[in-house]
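I'm opening my notebook on a new structure today. I'll look things up piece by piece and jot down what turns up.

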Amino acid sequence: MQVVWALGRCTVRQVHEALLGRRKVAYTTVMTVMTILEQKGHLTREKDGRAYLYRPARSKGRVVSEIVEDFLSRVFQGSAKPLVLRLVEDRKITEGDLKEIAKAIKEAGHDRERRR
């Protein structure tokens with residue numbers, strides 16, 4: 001999905017070539033995965049000559065939000081607090097990250113107050 005989001009519209013061959021720059025992967029494996037992603041509704045495809053052009057069905061931001069919500073629901077009963085605490089305790093969040101998070105929390109609070 002990362003490659004498809006980056007390219008916008010692409011063929012299996014283009015995705016395969018992009019992935020080869022990172023690791024060895026068979027063309028047929030890429031084709032199979034893209035077909036499954038299309039069947040699950042993550043990609044759309046249209047015929048373009050002899051090949052299919054694939055596009056993301058949803059934006060990266062939307063998919064990431066859905067994955068995070070699902071993860072929080074299944075692992076942390078819907079609460080982000082234990083996840084954030086675990087990341088802080090494991091030092092996976094840098095001081096710079098903490099400053100950005102604090103700024104986002106402050107801005108979200110201001111947005112909520114404006115809506116009232």
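**Before I start.** I remind myself that this is a predicted model.

**Entry 1: helix 4.** I looked up how far helix 4 reaches. Helix 4 covers residues 60-76, which makes 17 residues. From its first C-alpha to its last I get 23 Å, close to the 24 Å expected at 1.5 Å a residue.

Next I asked myself which residues of helix 4 are buried. I found Val63, Leu72 and Phe76. Looking down the axis of helix 4, I see these buried residues fall within an arc of 165°, so they line one face of the helix. I then checked the other side of helix 4, where Ile67, Glu69 and Arg74 are exposed.

What do the buried residues of helix 4 pack against? I noted two partners, helix 1 (2-7) and helix 5 (81-89). I also peeked at what follows helix 4: it is glutamine 77, with a positive phi near 50°.

**Entry 2: leucine 72.** Leaving aside neighbours within four places in sequence, I listed its contacts as Gln77, Gly78, Ser79, Ala80 and Leu83. I also took one C-alpha distance: leucine 72 and proline 82 are ten residues apart along the chain and separated by 9.3 Å.

**Entry 3: rings.** How many aromatic pairs does a search of the whole structure find? I got one. The partners are phenylalanine 71 and phenylalanine 76. A pair like this is described by the distance of the centres and the angle of the planes. Here I wrote down 5.8 Å centre to centre and 70° between the planes, and the pair is edge-to-face.

Phenylalanine 76 comes out at 17%, so it counts as buried.

Entry 4: I moved on to strand 1 (residues 43-48) and strand 2 (residues 51-56). They run antiparallel and are joined by six bridges. One bridge I looked up has aspartate 48 partnered with alanine 51 in strand 2. The two strands form a hairpin with two residues between them. In the turn, glycine 49 has a positive phi of about 70°.

I also checked what sits over the ring of tyrosine 52. The charged end of arginine 45 is there, 3.9 Å from the ring centre. The charged end of lysine 47 sits over that ring too, 4.8 Å from its centre.

**Entry 5: histidine 16.** I found histidine 16 in helix 2 (residues 12-20). Its relative accessibility is 12%, so histidine 16 counts as buried. What is histidine 16 in contact with, leaving aside neighbours within four places in sequence? My list reads Val25, Ala26, Tyr27 and Val30.

**Entry 6: aspartate 90.** Last, I looked up where aspartate 90 is: the loop between helix 5 and helix 6 (95-115). At 39% relative accessibility, aspartate 90 counts as partly exposed. From aspartate 90 to glutamate 100 I noted ten residues in sequence and 18 Å in space, C-alpha to C-alpha.

Conventions: Residues are numbered from 1 along each chain as its sequence is written. This is a predicted model: local features need pLDDT of at least 70, side-chain atom pairs count only at pLDDT 80 or more; totals for chains, interfaces and linings use all residues. Side-chain values use heavy atoms; hydrogens and water are left out. Helices (H or I, at least four residues) and strands (E, at least two) are DSSP runs, numbered from the N terminus. The expected span of a helix is 1.5 Å times one less than its number of residues. Buried means under 20% relative accessible area, exposed over 50%, partly exposed in between (1.4 Å probe, protein chains only). The arc is that of the directions from the helix axis to the C-beta atoms. Contact means heavy atoms within 4.5 Å. Rings of Phe, Tyr and Trp (its six-membered ring) pair if their centres lie within 6.5 Å; planes under 30 degrees apart count as stacked, over 60 as edge-to-face and the rest as tilted. A charge sits over a ring if NZ of Lys or CZ of Arg is within 6 Å of the ring centre and within 35 degrees of the ring normal. Two strands pair if DSSP finds at least two bridges between them.
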